[in-house]
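My notes are below the view.

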Amino acid sequence: MNNWKKLLLSLTFVGLILPVTSISEAAEKSAGSENLVPIREIAEKNGAEVSWQQKTGQITISRSELTIVVKVGEKQAIVNGQVVPLDNPVQLTKGVAFMAGEFLAETLKAAPEDIFISLISEGNGKEAAKYVHTSVSGVLSPTMLSQLWGALEGQNGKITSEAIAKHVENNTVHRNVTYTFKTELTRLNITVRMNHNGLVDDLHIAAATPDVYQKPSYDDPSTYTEQDITVGQGDLALPGALTLPKGEGPFPAVILVHGSGPSNQDAAIGGAKPFRDLAVGLASQGVAVLRYDKVTYEHTYKVASQPKFTLKQESVDQVNDAVEFLKKNAHIDSTAIFVAGHSQGGFAMPLIIVEDKQHDIAGSILLAAPSSSFVDVLTEQQDELVERMKKLGLDTDVIQGQADFYKNVAAMVKDPKYSVDHLPEAFPLHPAYWWFEQRDYVPAELAKTQNIPMLVIQGENDVQVSMHQFQTWKSSLQGHSNVTYNSYPKVNHLLSSYDGLSIGQEYAEPSNVSKAIIDDIAKWVLR
């Protein structure tokens, strides 16, 4: 076990490490102050750096996001900007500064998330589980935590013993501490989500990729403000942002609903942040935008612990919470609340309208939204990718294998001998219930029964949702006079214009939502 892990683990049980000889020396040198300890020696032994200004007598102790400032002769410390009284003044004896050992021990105590990461890296799930909140203890169990590190190494190669970076970011739900580790094959981000009680509330694990996103030309910060918000409440509350146009209002508002997979409030992928682009672009034209971290992103393991997790829980329920939030906001026109769903979010839109019991939603916007059943779209998507790669002269062997895999999944889902009450024993995608509970759901068919204004937007260069899906929306809703259709020749699935034939590889490069799309949405909402 390397030194820093030994330190963290020892702190778990006995608190701060204090050398006995130093404490004795401190007692001898500081008459009547036997609880004083040498600042630099103790701080550095516990991973902190110390700087000393001789002229002013000010001493700064810093470690990660912790900063302690004290001054010789004063009976106070400033901890991250807050004044904390001390029982004894800081003393200087023979060039060595001393202060209260109990205070230093408590303040420099190892952060629980550091200890947690150290324990799981050693496979000590039994001790790591003591730092886990009950809301997620069922899935972050001692057994699972003991096996997690080994499972990650099985997928990514040997992991370095020490994190090469640590980043702390707070939102309205969690304190998120992200550790970046180097592996034999890649770099890995492990985000420990801490709740307000200082316990581990969830984890999020993903490949560490550089942030190459570039703000679009239409992002003018002088035209909008942005505030952190919380959507919903309880164990699955979600952090989000409300982007408001500057001015008096009230403003119409658009709620953004994610596509498939775990995504943050920006829907960040590769070099793109399409939800951020939509928010700032629309706000600059007088339309407020509410977006939030997807539940499978912010509460990854909580969701994974639910064997009967549904599309409704993933993409529908949060919209109701977002609508209620906007209705209570004085800056929002409660008669002009719209919902825009991208990809899977658009696929779920008819379900969202069904759940709008009070008819609060003024209209829906479909952004590259499938109109057919999920497994049919999945099969079509694979065929489209193989065909495009052939056109580009690329090797399709690996992709063809992937296409065959998903076609087998689709065939299994369609097999009438299986159902939500009789799931296949070896279904390859988890959770199986999610796939089978929606197999008979066809968005365009449900939308036929609804009468709400719709704007259907589709990129003609989209490899994931083809123009066939767009045409099916048209044919299915041909009797609806309140539906507007717009397609864009070069636009790919991320709603950005791309000159080449899209096969998804371009997602890694910086891109922005096409301004033409933002203009069209703003006009439609404001009409």
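The entries go from conventions to hairpins, then to a sheet, a helix and the cores.

**Conventions.** The model is predicted, so I note that local features need pLDDT of at least 70 and side-chain atom pairs count only at pLDDT 80 or more, while totals for chains, interfaces and linings use all residues. Residues are numbered from 1 along each chain as its sequence is written, and side-chain values use heavy atoms, with hydrogens and water left out. Helices (H or I, at least four residues) and strands (E, at least two) are DSSP runs, numbered from the N terminus. I take two strands as paired if DSSP finds at least two bridges between them.

**Strand β8.** I looked up the cover of β8 (residues 96-100) and found four of its five residues buried. Buried is under 20% relative accessible area, exposed is over 50%, and partly exposed is in between (1.4 Å probe, protein chains only). I find β8 paired with β1 (residues 36-38) in the antiparallel sense, over three bridges. P38 has F98 of β8 as its bridge partner. Strand β7 (residues 91-93) is also antiparallel to β8, again with three bridges, and here Q91 stands opposite F98. The β7 and β8 hairpin has two residues between the strands, and K94 has a positive phi near 55°.

**Hairpin β5 and β6.** I count four bridges between β5 (residues 76-79) and β6 (residues 82-85), which run antiparallel. V79 stands opposite Q82. Two residues lie between these strands, and N80 in the turn has a positive phi of about 50°.

**Four-stranded sheet.** I read the order of this open sheet as β9-β10-β11-β12, with antiparallel pairing. β9 (165-170) and β12 (200-207) are the edges; each has a single partner strand, so one side of each has no neighbour in the sheet. The twist averages 20° from one strand to the next. Eight bridges join β10 (residues 175-182) to β11 (residues 187-194), and F181 has L188 as its bridge partner in β11. Helix α7 (residues 142-156) lies across β10, β11 and β12, at about 150° to β11. Axes are lines fitted to C-alpha atoms, for helices over the stretch in contact, and angles run from 0 to 180 degrees between N-to-C directions.

**Helix α20.** I checked the length of α20 (residues 515-526): its twelve residues should span 16 Å at 1.5 Å a residue, and the end C-alpha atoms are 16 Å apart, which agrees. The expected span is 1.5 Å times one less than the number of residues. Buried residues of α20 include I517, I521 and W524. The buried residues pack against elements including β15 (251-257), α8 (274-283) and β17 (332-342), where contact means heavy atoms within 4.5 Å.

A nonpolar core is a set of buried Ala, Val, Leu, Ile, Met, Phe, Trp, Tyr and Cys residues joined through side-chain atoms within 4.5 Å. The largest has 55 residues, with the most contacts inside it made by I255, L290, Y292, W435 and W473. A second, separate core of 29 residues includes V132, I159, F181 and V192. I also looked up V231, which lies in β13 (residues 224-231) and counts as buried because its relative accessibility is 2%. V231 touches residues including L290, Y292 and D321.

Terms used: Lists of a residue's contacts leave out its neighbours within four places in sequence.
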